[in-house]
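Colleague: I am new to this structure and would like to learn how to read it. Could you walk me through a few features?

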Amino acid sequence: MRVAITHANADFDALASLVATTRLWPEVRAVLVSPVTPSVKRYLALHKDSFELHSVDDLVDESIEELVVVDTRSRARIKPYASLLERAATVQVFDHHAASDDDIDAQVEVVEPVGACVTLLCERLEEAGVELSTGEATLFMLGLYADTGRLSFSNTTTRDILAAAYLRKQGARLEVVNRYLEQEFSPEQQRLLVEVMRAAHEIEREGLRFAVAAHVGEAYVKGAAVVVERVLQLTGVDALVLVAQQSGSKVAQLIARSHTRHLDVSALMGEFGGGGHPAAAAAKVKPGDAAVLEEALTQRLSVWPVDPLDVADVMSSPVQTVSHETPLQDLSRCLDRWGVHGMPVVREGKVVGVVSRRDVDQAARRGDWAVPVAGFMSQRVISARPDEPLSEALRRMTEHDIGRLPVLDGDALVGIISRSDALRRLYGASAE
Ligand SMILES: [Mn+2]
């Protein structure tokens, strides 16, 4: 017999991947244990009969030729299924998480860094020409959207987007997907949201905002990760770690979400014995104390190597400049020859103004070709420093609606930064 399992506390990607194995290989028995995440529980309350799901006890007497493990390969995360793993002759894994020391040994490993595990299965279903039911396509889309934030998280790959197209073609119902992805917060989640907003303190790093919040409550709040994600959206911080602890308990839960490539929270959670994805990770610390952990995380984040781009990383140098005495006629020719849209104006080595193609055209219309640059340049010099974050300089460009900033180190002109330089680096840095 072939049996498929997934991680404990199954989320939509786990459930979707599990059901997908039964469509890929009809002889597969899918096994699901409780508990599952609250939103999966709500979904199953209505859809349980749509899929054939077994319990571990259903299969006690069966011999297992192959165990298919989806959306994880960590021994700890499949603990409730340990008896099946022991009896399996061979193991096949479908996963999209980073490797850990805790990984099971598998004969076949399909492990690829896509946004959702179900993408790996959708690719195989599409290739095999399997026709999905509306319910299946919708569930798979739920898994795909849940793990990729509706294809918006930076873990989303082209392959996830193609899988979404396949599922839509197969009849996935987005209104149903939306209903389960946009569950109302429970009263406990609402309270947690307010408390996390209040408790979160920020750590400013090179123009990035990290936040840590500790929460000690009477009971563990189900769906706390969704609350963390929502706080991130509401506050615009770049990353947030929640330390959640039940009062009197020796165990603390860490839940981390990041919207910036400068903080890989799976690495951060790894330091606390946990793991996950660069954008979403968690850890369970035992014994753990919320206040101590909050302090430790704050310390760690205040020295985390973020390395954002500085103006110096992006600026062009040396800089074409023009003397304040240069006549319009000569300047106009220079702009054409050098193919630049503007340049700083210098007098005795100091920047005294900026002149753009627009200024030149306006002056030319007045017809006085002998007028010196000083007569029509813009005297207000808005500049950047080489050691400031690129994001700050970009903000200033936007604020003043200008396309380039001379970069000044003290009085010395050391470079120039243009909108197009910045854009090139921005897209270069995040291109897949
Ligand atoms: Mn997943």
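Modeller: Gladly! Keep in mind that this is a predicted model. Let us begin with residues 315-371: their end C-alpha atoms lie 31 Å apart, and the span is 37% helix and 26% strand. In the unreviewed UniProt entry, the annotation "domain: CBS" covers residues 315-371 and 377-432.

Colleague: In what order do the three strands of the open sheet come?

Modeller: First the general idea: strands of a sheet pair through backbone hydrogen bonds, either parallel or antiparallel. Here the order is E13-E14-E15, with mixed pairing. Strand E13 (322-323) and strand E15 (350-356) are the edges, each pairing on one side only.

Colleague: How many bridges join E13 to strand E14?

Modeller: Two bridges do so, and E13 and E14 (residues 342-347) run parallel. For valine 322, the bridge partner in E14 is valine 345. Also look at helix H14 (residues 357-366), which lies across E14 and E15 and runs at about 70° to E15.

Colleague: At what angle do helix H1 and helix H4 pack?

Modeller: Two packed helices are described by the angle between their axes and the distance between the axes. For H1 (residues 12-24) and H4 (residues 117-127), the angle is about 20° and the axes are 8 Å apart. Angles under 35 degrees count as roughly parallel, so H1 and H4 are roughly parallel to each other. The crossing of H1 past H4 is left-handed.

Colleague: Which residues in H1 meet H4?

Modeller: Among them are Asp13, Ala16 and Leu24 in H1, while those in H4 include Cys117, Leu121 and Arg124. Sorted by class, this contact of H1 with H4 has eight nonpolar, two polar and three charged residues.

Notes:
Residues numbered from 1 in each chain as written. Predicted model: local features only at pLDDT ≥ 70, side-chain atom pairs only at ≥ 80, totals over all residues. UniProt positions renumbered as here; feature names shortened; annotations may be inferred. Helix = DSSP H or I, 4+ residues; strand = E, 2+ residues; numbered from the N terminus. Pairing = 2+ DSSP bridges. Contact = placed C-beta atoms within 7 Å. Axes fitted to C-alpha atoms, helices over the stretch in contact; angles between N-to-C directions. Parallel < 35°, antiparallel > 145°, perpendicular 65-115°, else oblique. Left-handed = near helix turned anticlockwise from the far one by under 90°. Nonpolar A, V, L, I, M, F, W, Y, C, P; charged D, E, K, R; others polar.
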